[in-house]
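Subject: Structure handover, with notes

Hi there,

Here is the structure I promised to pass on. Please have a look at it, and then read on for what turned up.

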Amino acid sequence: MRAGALAAASLAALLLSPAALADRLEDILSRGELRVGTTGDYLPFSGRDAASGQWRGLDIDMAEDLSRALGVKLKLVPTSWPTLMRDQRDDKFDIAMSGISISLERQKQALYSAAYLNDGKTPIARCQNASRLQTLEQLNRKETRLVVNPGGTNERFARKHLPDAALTVFPDNTRIFQQIIDGKADAMVTDAVETRYQQKLHPELCAIHPDKPFDFSQKAYLLPNDWRWKAWVDQWLSQRLQDGGFARLSAKWLGG
């Protein structure tokens, strides 16, 4: 009997705890501000100009739309791929929007919105080398110099599928493709959408079979473990996917 009373008291304490009573949506509305975590190093989704500090990208535009739909101010919070999940746990933002791939490992710790883009990993290299870097077998050779940004799905993919390649972890994702252009690396395996964007910026680079990536992944927004907030974000995103709002921004940043 005493054990039952103790269990009931523990349950009541849990239900009345601040964490249990927290409501992210109400908190955002009462605060009058939406905090969006974003990396600023991953165009076409999130970029930040080092000189001016100005943000741009598909998910920056979507963050602005989300804050308008909520009727609150937007605050962009810098994060990074190595610190993304720690920053989420530390409550530094209400949502992360930065071309984030859905990961089952991340989803053990947080929620995702509905997916808004299908994607997958594929190589990008100097165009004169593209014919010899088509397959995982060709890439996974000790003489192949791969470059990768730290802490995200690109590094995890390379370490899992390309363990025999000469891998360099380059810390600045805004300058990583210049390593390939300058001949300091042969290739990078990253999201197909990014390879298409980078080959537009750099004619020296070719996206290698971006229509047939090595795997399948999806982009979504990273959320705390609050199902009411997730439901609201999913409804907003569903409306933008149906009313043409996302399509217009996608055409602006992705070309279609």
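How do the residues of the lining of the largest cavity divide into nonpolar, polar and charged? They split into four nonpolar, eight polar and five charged (Ala, Val, Leu, Ile, Met, Phe, Trp, Tyr, Cys and Pro count as nonpolar, Asp, Glu, Lys and Arg as charged, and the others, Gly among them, as polar).

Before the rest, a word on the basis. This is a predicted model, so local features need pLDDT of at least 70 and side-chain atom pairs count only at pLDDT 80 or more, while totals for chains, interfaces and linings use all residues. Residues are numbered from 1 along each chain as its sequence is written, and side-chain values use heavy atoms, with hydrogens and water left out.

**The cavity**

Searching the whole structure gives one cavity of 30 Å³ or more. A cavity here is a set of points, on a 1 Å grid over the protein atoms alone, where a 1.4 Å probe fits but cannot get out; lining residues have an atom within 4 Å of a point. Grid points are joined across faces, edges and corners, and the volume is the space filled by probe spheres set on the points. The largest cavity holds about 130 Å³ of space. It is lined by 17 residues, and those closest to its centre are Y42, W81, N149, T153 and N154.

Strand 12 gives the most to this lining, with three residues, and helix 7 (153–161) also supplies at least two. Helices (H or I, at least four residues) and strands (E, at least two) are DSSP runs, numbered from the N terminus. Because domain 1 (30–119 + 218–254) and domain 2 (121–207) both contribute residues to the lining, the largest cavity lies between them; the domain bounds come from an automatic or database domain assignment.

**Salt bridges**

There are 21 salt bridges in the structure, each being a side-chain nitrogen of Lys or Arg within 4 Å of a carboxyl oxygen of Asp or Glu. In one of them, R240 pairs with D65, with the closest N and O atoms 2.7 Å apart.

R145 is partly exposed at 33% relative accessibility, whereas D186 is buried at 4%.

R175 and D172 meet at 2.9 Å, N to O. R175 is partly exposed at 46%, and D172 is partly exposed at 24%.

A network of salt bridges links R24, D27, R31, R35, D91 and D94.

**Backbone points**

D91 from that network has a positive phi, near 60°, although it is not glycine. D91 lies in the loop between helix 5 (84–89) and strand 6 (95–96) and is partly exposed, at 35% relative accessibility. H209, in the loop between strand 13 (205–207) and strand 14 (217–219), has a positive phi near 35°. Finally, the peptide bond from L43 to P44 is cis, with omega near 15°; P44 is in the loop between strand 2 (41–42) and strand 3 (46–48).

Best wishes

Terms used: Buried means under 20% relative accessible area, exposed over 50%, partly exposed in between (1.4 Å probe, protein chains only). On a 1 Å grid over the protein atoms alone, a cavity is a set of points where a 1.4 Å probe fits but cannot get out, and a pocket is an open set with protein on both sides within 12 Å along at least five of seven lines; lining residues have an atom within 4 Å of a point.
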